[in-house]
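This report takes up a chain interface, a helix and a loop residue. The sequence and the model come first.

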Amino acid sequence: MIARPVKALSSLVAVLLAAACTNSFEIPIETPILPKLDVGAFQRVLVAGFIAGGTEDVDGNLETTRLLRSQLRTKSQLRVIDSDVLPLVDVAAEGRDSGGAATAPPPIKEEKDLEAYEHVFANVEYWKKIGEEYQQPLIVTGTVMFTPLQRNSIVQREQEVYDSFGRRRVVPVRTYMERKGFSLDGRFIFIDGRSGATLHSESFGEQILYNANQTTPALSSYFELMDRLIPTFLSTLSSQKIKGTRILLQ
Amino acid sequence: MRTAAIPLAVFLLTLVTVPLQADARSDAKKQVEFGITVAQRGLWREAIYRWERAAQIDPSYAPAHNNLAIAYEHEGDLAKARTAYERALELEPGNALIKQNYELFREINDRTTRQGTQ
């Protein structure tokens, strides 16, 4: 239990001792990280829409498309195309029907329900057609599952206690706690609007939990989770700088 | 006669090479110091030049490799940074400051590698 703080303290002491014995200078650095995808061939980006499921309190397709468009407008060099959000669930369902399957795909409640729709991302002809319509942009699409979570578990919290002399002490108490929240899982898919082929895809997954008695609107939880994912999303398309400090030695 | 000459030759050789090594270290130190001054003013390219010179003059001088690694990191050349950190640690495996720099570097490098493979 105390091994970790002792180890951290000893390494800090070692660093301080070394610093005292050597001429050293702390210096701030910014490490540039190249984007994962070379988007040099594109001038425009179309956030087309998403196959979304989970809770009905948030329209995952509409909200994700809006949010990514606004982020790209301010944080990327690409021109963001304003268009209607594609109803990809319907597009995928039509694709299945034309393939001979008459049954309607199931509603998307769980991650496994997405499988019935995923074929739309591999439909090169469809994306090529969309690309031609919007002057061959980079197309962003994917899946979004925003689902309610419930976790009951033993958690440790601190509690004030007073002894017979009235002295205050804080002791750790383990209590059973009911917690509720949401999970946001899915995949960002980047498609070449010239060929309709998938260039890159990236899975994501985040969770947030609150005390059961806390009421948090689903939409605000959705934005909180998306806030965590945005940097990863943007780093696919544009370079980033990671700030830090290092020690120069003499 | 001949056996007495060998230790004498070794002694003379030591007398000649030790000052040479000391000179190399002193020259390398000067380059490293100048590199630090310019890096602190944001002139990283010049700093790299100085620290590369220092590493050439005295390849066993760990601070030159450590500083070079930092400069390469700043320039985004992560492969070169890793090589320079590893060389610095090879020369001074117990140096806590180099170890700390290397750990911080690895955190960034691992993150970018992970992202790249997804």
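## Interface of chains A and B

Two residues are in contact if their C-beta atoms, placed from the backbone, lie within 7 Å. The model is predicted. In this model, 23 residues of chain A are in contact with 23 residues of chain B.

On chain A, the elements that give two or more residues to this side are α1 (3-21), β1 (24-33) and β7 (240-249). β1(A) supplies the largest share, 8 residues. By type, the chain A side holds 13 nonpolar, 6 polar and 4 charged residues.

## Helix α2 of chain A

Helix α2(A) runs over residues 60-75. Its 16 residues, at 1.5 Å a residue, should span 22 Å, and the end C-alpha atoms are 22 Å apart, which agrees.

The buried residues of α2(A) are A:Gly60, A:Asn61, A:Thr64, A:Thr65, A:Leu68 and A:Leu72. They cover an arc of only 115 degrees around the axis, so they are on the same side of α2(A). They pack against β2 (44-54), β3 (79-80), β4 (138-162) and α5 (218-237) of chain A. A:Ser70 and A:Thr74, on the other side of α2(A), are exposed.

## A:Thr216

A:Thr216 sits in the loop between β6 (198-211) and α5 of chain A. Is A:Thr216 buried or partly exposed? A:Thr216 has 14 other C-beta atoms within 10 Å.

Leaving aside neighbours within four places in sequence, A:Thr216 is in contact with A:Tyr210 and A:Ser221. A:Gly181 is 35 residues apart from A:Thr216 along the chain, and their C-alpha atoms are separated by 8.4 Å.

Definitions and conventions. Residues are numbered from 1 along each chain as its sequence is written. Chains are lettered from A and ligands numbered from 1 in the order in which they are written. This is a predicted model: local features need pLDDT of at least 70, side-chain atom pairs count only at pLDDT 80 or more; totals for chains, interfaces and linings use all residues. Helices (H or I, at least four residues) and strands (E, at least two) are DSSP runs, numbered from the N terminus. Ala, Val, Leu, Ile, Met, Phe, Trp, Tyr, Cys and Pro count as nonpolar, Asp, Glu, Lys and Arg as charged, and the others, Gly among them, as polar. The expected span of a helix is 1.5 Å times one less than its number of residues. A residue is buried if 20 or more other C-beta atoms lie within 10 Å of its own, exposed if 12 or fewer, and partly exposed in between; C-beta atoms are placed from the backbone. The arc is that of the directions from the helix axis to the C-beta atoms.
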